[in-house]
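I wanted to look up a sheet, some charged pairs and some rings, and write down what came back.

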Amino acid sequence: MASHFDSVDPKVDFVAKEEEILKWWDDNDIPARYRKLNDDKEKKYSFIDGPITANNAMGVHHAWGRTYKDLFLRFRNMQGYKQRFQNGFDGQGLWIEVEVEKEMGFKSKRDIEAFGVGKFVEECRKRVDRFAERISNQSQRLGYFMDWDNSYHTKSDENNYTIWHFLKTCADKGWIYKGRDVMPWCPRCGTGLSQHEIVTEGYQDITHDSPYLKFPLIDDGHEGENLLVWTTTPWTLAANVAAAVNPEYTYAKVEDRGSVIYFSKSLLESLKKDHVLTGEAKVLGEVKGSELVGLRYKAPFDELPAQDEVRDQHRVLSWDEVGEDEGTGIVHTAPGAGAEDFKLGNENGLTPIAPLDQNGIYKEGFGEFTGKSAADVKDMVFESLKEKDLLVRVNKYTHRYPVCWRCSTELVFRLVDEWFINMDEIRPKMQKATNEMNWYPEFGKARELDWLKNMQDWMISKKRYYGLALPIYACDCGNFDVIGSSEELKERAVEGWEEFEAAGASPHRPWIDGVKIACSDCGETVSRIEDVGNAWLDAGIVPFSTIGYKSDPEYWKEWFPADWISESFPGQFRNWFYSLIVMAAVLEDSMPAKNVFAYALMRDENGEEMHKSKGNAIWFEDAAEKMGVDVMRWTYSRHNPASNLNFGYKTGDEVRRQFIIPLWNIYSFFTTYANLDDWTPDDCVIPSSFGFTPDGEQNGFESWTMPEGEGFSELDRWILSELNQLTQKMTDNLESWQLPYAAGGVEQFVEDLSNWYVRRSRRRFWKTEGDKDKNAAYSTLYTCLTTLSRLLAPFTPFFADIMYRNLVAERIDDAPDSVHLTSWPKANASLVDEDVMNQTRLAIRLASLGRSARAQSRLKVRQPLGEFVAEVRHDWEHFALAKIENVLKEELNVKSVIDASEMGGLLGFEIKPNLRVLGPKYGKQIDEIRNAIQAADANEIARASEAGETISIGSFELEADEVLIERVALENYAVATDAGYAGAVLTVVSDELKAEGTAREVVRVIQNLRKSSGLKISDRINLWISCSDDVTGALMTHADYIAEETLADNVDIGAVLSDDAQGVAASESLDLDDGNKVTVNLEKA
RNA sequence: GGGCCUGUAGCUCAGCUGGUUAGAGCGCUACUCUGAUAAAGUAGAGGUCGGAUGUUCGAGUCAUCCCAGGCCCA
């Protein structure tokens, strides 16, 4: 025997409830039982988690992505798929190093070296472990059911060695090579930065001293002539090799300050304005850029030993990238100190000079600059140029310049050796895989393909400490070996293996660096290169390393490729998605995952980007405490993932008010009345709707047919139809990753349930006798709520379980303990009744129009009116109108409902062509018909159309259904229209109606008085009403109605208050619209 | 310069395969209902659907071009 429901307070602290449930889950081992639910199932759904960087606490943007992951995992679990539930942590790479450096107060790589690389790496690991635990806890607060004791770590040996295997595979194909490139470099951190690191937050507006200087030409016939050159990086001048002009431009030859100089003609005026030229500058002639190409010049620091190799290479190059928006139209080119310069130099066979070491200090061969920092030499440069009479002018120049994203040091460009994977042969495989994958949103595929089209070789090395130890052993002889596994290393080790093993054999710096091998070519002892790996290697290998690619190939085959992955898309096309695709292409010529579910970026409530430094970022813990996790999760779930999400406490409040609280109110309403009536699930006449097994086999609701004679009403039929349609649509939408549609469907359903089903059914629950009608209402509402709790389980796991536990688990013996142990509901198609849904939709629409019409005429709903006239659009709606007549009468408090088409005499007509029918038939003649209709007699057309006769309009013979007839307002009616529908109320109020209105008004006052006097809903009362004579009659007529509505045993109505009422405390007066006054007194009977 | 996305009410966004009078939430104003009340409902104002051209009987929706913004690449 089921017991009463726990009472549900409409005033609820959701956050406290969530914490209670969380504890209950923990105490009862729900997450683990949930994960094991499908252990014996055949069908699998493989999710590979994109690792979260275990480097800081979670922000709400992390919660966004993790909500998606949890949501789809839960959905598939309820559907009975076996899953792995493995979370992943990213815990290697520069990100971690940066935070540890901050923690330790380190300023540069030298500090790390001084501290000891081994100790530093240990600190990094500790930080990762610390935050992995923190994030695990926070994720559990989010309701994320993962196998938290079994998370994978990219810092694990397995992960690192699997990358070795990948690199070895590449090396065997000859794809690994050492290359030189000029890259952005932070002199403080002593490392290169990838393009990605600069893009994110790596630019600042910086003002530099920017010199204009002369490059003297030395060819015969050009003696005394100079190129005018401009640069924003004076320190690169010592590494100058060439100058570049645009061959298409016209260059001016100008005499100024006693020198002859060349520059782009179009810049003449702006150079004067900037005081680079004097007002006296004299144009001597002009030449095409192409004519300058090949001229030789003397570079400003030709005397330096470093220039020895390139002194005879100084000449003018042709480069169509040269612009004339700023500068001089002649570009100083230092291939060893600029990225574009390097490329241009390569194309022209120049020798790059690399002036700086890893700390940004000039190397040997740069004279007085040697030993100085690039940042400090600009004045020395200017002095030297002045002495040589090469300096024309120094101006301040403000521009966006790249800085290090962690220490804000201005970046330099350095020529360095790095290791690359040649992508030429991998690219087609990647393109094929990308095409085979399903991308959500769909444009993801186009973006990834675009990236692949343009991608260059993958630079995999990084000159840092804590990361993948690249297993590359480069010998001085020019040969290099790549090691593919721990076993291979052991076999080939010639020294250091024992020490390495003793230290734990973890393939990390510094321990790994002690192991040396013999060069496979010359036999010399070789050390590992010092570089560590690009962090995306760590994340990309995950679909192999975490599911036993090397250790358990059979298991791996079961779970690869993943059925789905999910991550935020803006960065991941070139990061995680990219590295996943590379590795799957190289190792298996396969796609890594079948479905990619990606989402955009989070903004604050005002649409601004969230930044910790800006102060508008929200920590997950704060949000969980203030708004609650269900609210957060619902906000995420209802959003279109392809567009950015504006998120904040206000949006949270909105979601709570619009969705969570209304649903809670329904739940509260249900339990309140069910308890009053001693209604329990035992009384439910709809079979178990909670899915006792994950595959739903015992879910009787899915094949139930609504019995006759059990009291089910049209309203029940309707909401159960909506419920089953919702179930079907939710299933379809979730299977096709259409989250906003799924969530939107629930919102619409809850609104229908609240504002139509429950409101229209209230009297069924209130009434005192417990008949079949009442039981059908309880059964229906109970089924709606219990089904909703399961549909919502993946979305709002807390709320869903709160409802489920109270309504089901704690009432029914063999029901699963938690909603998360139930199955996904199956729709009962036989209960989906399009007709009843359309009818109700029409009733809702017309009721709304009726209320609108009432509002216009300022007639309260309490005041009964004579007629409501409805104008509908479709044939079937005329029939439907008869069926919803009673509903409309009640909703609108009217005596009759009339189809407007039946009262042609009362309403005016407007005739319109039915374009949907006429369009295809008459084509271009439509306009003619339109005009003819305008000119014709509307009443006659309407009559003919109603009668189904052929209508003659001008030269056309139209069928009855080829015109549309609308009615317009007439006297004594207030009309409201919407989308072709209209509703009108007759605004004339008879005495009889007025009396009824008064009675209802009085009832309202009595009900308020009951409430304010603290009476229970079921208490009976005695009632005395005093009022003027002309109201007395009205009230007497409706005395029975008043008594019934207010549970009054005795009703005394009169002009004078009877003696019995003297001293009765509860009393209230009411002023009627017509000036009459009514006073009500009551006491408990 | 190339690729992708976006442009609909003051703000944030829906509008599926082209079809009669383009919707919601928020905000604002007014009102109503209140034994679900930390609610709910109704109305009002507010839109030449970024612009142009084309296809079509008919375009917010399809095509082409242009403009603006965002992201990616060069």
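**Entry 1**

I started with Y440, which stands opposite F597 in β26. Before going further I noted the ground rules. This is a predicted model, where local features need pLDDT of at least 70 and side-chain atom pairs count only at pLDDT 80 or more, while totals for chains, interfaces and linings use all residues. Residues are numbered from 1 along each chain as its sequence is written, chains are lettered from A and ligands numbered from 1 in the order in which they are written, and side-chain values use heavy atoms, with hydrogens and water left out.

For the element names I rely on DSSP runs numbered from the N terminus: helices are H or I with at least four residues, strands are E with at least two. Two strands pair if DSSP finds at least two bridges between them.

Which strand does β16 pair with, and by how many bridges? I found 3 bridges joining β16 to β26 (residues 593-599), and the two run parallel. Zooming out, I see an open sheet of 3 strands in the order β16-β26-β25, with parallel pairing. β16 (438-440) and β25 (562-568) are the edge strands with a single partner each, so one side of each has no neighbour in the sheet. Neighbouring strands here are turned by 15° against each other on average, direction ignored.

Next I looked for what covers the sheet. Helix α21 (residues 576-588) lies across β16, β25 and β26, and runs at about 150° to β25. Angles run from 0 to 180 degrees between N-to-C directions, with axes as lines fitted to C-alpha atoms, for helices over the stretch in contact. Contact means heavy atoms within 4.5 Å.

**Entry 2: charged pairs**

My cut-off for a salt bridge is a side-chain nitrogen of Lys or Arg within 4 Å of a carboxyl oxygen of Asp or Glu. By that rule I count 56 salt bridges. For burial I use relative accessible area: buried is under 20%, exposed is over 50%, and partly exposed is in between (1.4 Å probe, protein chains only).

D308 and R311 form a salt bridge with the closest N and O atoms 2.6 Å apart, and R311 is partly exposed at 33% relative accessibility.

K432 and D589 meet at 3.8 Å, N to O. K432 is in helix α13 (residues 427-436) and D589 in the loop between α21 and β26, so this pair ties together parts 157 residues apart in sequence. K432 is partly exposed at 41%, and D589 is partly exposed too, at 37%.

K774 and D677 form a salt bridge at 2.9 Å, N to O. K774 sits in helix α27 (residues 772-792) and D677 in the loop between α24 (649-676) and α25 (714-735), 97 residues apart. Is K774 buried or exposed? I get 3% relative accessibility, so K774 counts as buried, whereas D677 is partly exposed at 29%.

I also noted a salt-bridge network linking E99, K102, E103, R127 and R130.

**Entry 3: rings**

Rings of Phe, Tyr and Trp (its six-membered ring) pair if their centres lie within 6.5 Å; planes under 30 degrees apart are stacked, over 60 edge-to-face, the rest tilted. My search of the whole structure gave 67 aromatic pairs. In one of them, W230 and Y397 have ring centres 4.9 Å apart and planes at 85°, so I log the pair as edge-to-face. W230 lies in β7 (residues 225-230) and Y397 in β14 (residues 391-402), so the pair ties together parts 167 residues apart in sequence. Both W230 and Y397 are buried.

I then checked charges over rings, meaning NZ of Lys or CZ of Arg within 6 Å of the ring centre and within 35 degrees of the ring normal. The charged end of R76 sits over the ring of Y45, 4.2 Å from its centre. K119 lies over the face of F115 at 4.6 Å from the ring centre.

**Entry 4: two single residues**

V331 is in strand β13 (residues 330-333) and is partly exposed at 28%. Leaving aside neighbours within four places in sequence, V331 contacts A242, A243, A244, W319 and V322.

N972 is in the loop between β34 (963-968) and β35 (973-978), partly exposed at 42%. Not counting residues up to four places away, N972 touches V985, L986, T987 and V988.
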